[in-house]
Amino acid sequence: MDHQGGPFTKMVHAGQEPDGTGAVTVPIYQTSTFAFPDADTGAARFAGQEKGFIYTRLGNPTINACEQCVKALENGQFAIATSSGMGAVSTVYLALLGQGQHMVGTASLYGPSRVLAEKHLARFGVEATFVDTSDLQQVERAMRANTKLVYVESPSNPAMIVTDIAKVAAIAHRHGALLAVDNTFASPHLQKPLDLGADISLHSVSKFLNGHADVIGGIIITRDPELGARLRATMTILGCNMDPHQAFLVLRGVKTLGLRVERAQANAMAIAQYLEAHPKVAWVRYVGLPSHPQYELAKRQMAGPGCVLSFELKGGIEAGKTLMNSVKLATLAVSLGGVETLIEHPASMTHASLSREERLAAGITDGLVRLAVGIEDGEDLLADLDQALSRV
Ligand SMILES: *Cc1c(COP(=O)(O)O)cnc(C)c1O
């Protein structure tokens, strides 16, 4: 596989070898199973002694191309594509945690990732402690003798809290635990957790990697071969594999990842500055603003501040609702990372499953509004927010 070249070249070409037909794009190998040339070859493939496809849950050329491409973007060695971001999260948890073991996670984790640990893994005797991982002392204090996994989201959703990945990796490794980073919010274009010392980077492909709000998918990337094999074995047993058509769409989306992220990021910066100067806005949290508490850390750790921001209006939740009901170009919907701008209310939508105390501890105030900025004309987005704010 040719992983040479810059990031934009890799997005277009990595993992996408010609298949001999002359097809310029990787075809959709829409098949569940693969014929063996003879019985011995079939046995050798099952024994892992010979390369070759067996059954799509275990591997498929289109899925493989998608894995190779994203792996190259993350500077990884192994990638495992999954049916969804939660498929990736489940695979990581179930591969690395067992009865009597413990994980430490970012308090403001993506809601279901936290619920999976606290409400479901707990039934199988796995303990979890959630702390503000941007505070290294809290991470250090949460570590126990049986801690096997530190699980971080940075920047976190939706409070945009930045965790020092290299420093948390050092803490995890000193305690004999692995560090996994949910890299969904930054995308591999802006942040490479494996380069910073993480053992695992994972994504909801449904967001920036696919980028067109038309696919649910996930992916896990690692460097260590033993860890890669363990994660793949868990994914195939759980059955949360990506399917070939999903993989085809993700490959197409990834080709423009850099272009999309850079344009949406420029829009996000203009909107963040506009909101911060607006008299009806109480506060804005965007990694690219000097007012962000971890502005310097984010600048060192990321290649850019990204495309998602949160803010609160002085009128609190009622004013926020008026704003969300008044925007015409931004769409009122959860999710992020697509070409279109989306606006949502975490306390009543994406983070409604947490208690109010848990939300506040994660920086999610009742009136917080999240804006996932798309690639539309920046002036149009600003004009839309301006007319909506005038109704507040
Ligand atoms: C959306 C999301 C997930 C879950 O991904 P799905 O594809 O919806 O299963 C996990 N982590 C983060 C940060 C997300 O934004």
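1. Basis. This is a predicted model, in which local features need pLDDT of at least 70 and side-chain atom pairs count only at pLDDT 80 or more, while totals for chains, interfaces and linings use all residues. Residues are numbered from 1 along each chain as its sequence is written, and side-chain values use heavy atoms, with hydrogens and water left out.

2. Total. Ten salt bridges (a side-chain nitrogen of Lys or Arg within 4 Å of a carboxyl oxygen of Asp or Glu) are found in a search of the whole structure.

3. Arg114 and Glu358. The closest N and O atoms of this salt bridge are 3.7 Å apart. Arg114 belongs to helix α5 (residues 111-120) and Glu358 to helix α13 (residues 356-361), so the bridge ties together parts 244 residues apart in sequence. Helices are DSSP runs of H or I with at least four residues, strands runs of E with at least two, both numbered from the N terminus. Arg114 is buried at 7% relative accessible area, whereas Glu358 is partly exposed at 23%. The cut-offs are under 20% for buried and over 50% for exposed, with partly exposed in between (1.4 Å probe, protein chains only).

4. Network. Salt bridges link Arg114, Glu118 and Glu358 in a network.

5. Arg144 and Glu127. Here the closest N and O atoms of the salt bridge lie 2.9 Å apart. Arg144 sits in the loop between α6 (136-142) and β4 (147-153), and Glu127 in strand β3 (residues 127-131), 17 residues apart. Arg144 is partly exposed at 35% relative accessibility, and Glu127 is partly exposed at 40%.

6. Asp164 and Lys167. This salt bridge has its closest N and O atoms 3.7 Å apart. Asp164 is buried at 13% relative accessibility, while Lys167 is partly exposed at 46%.
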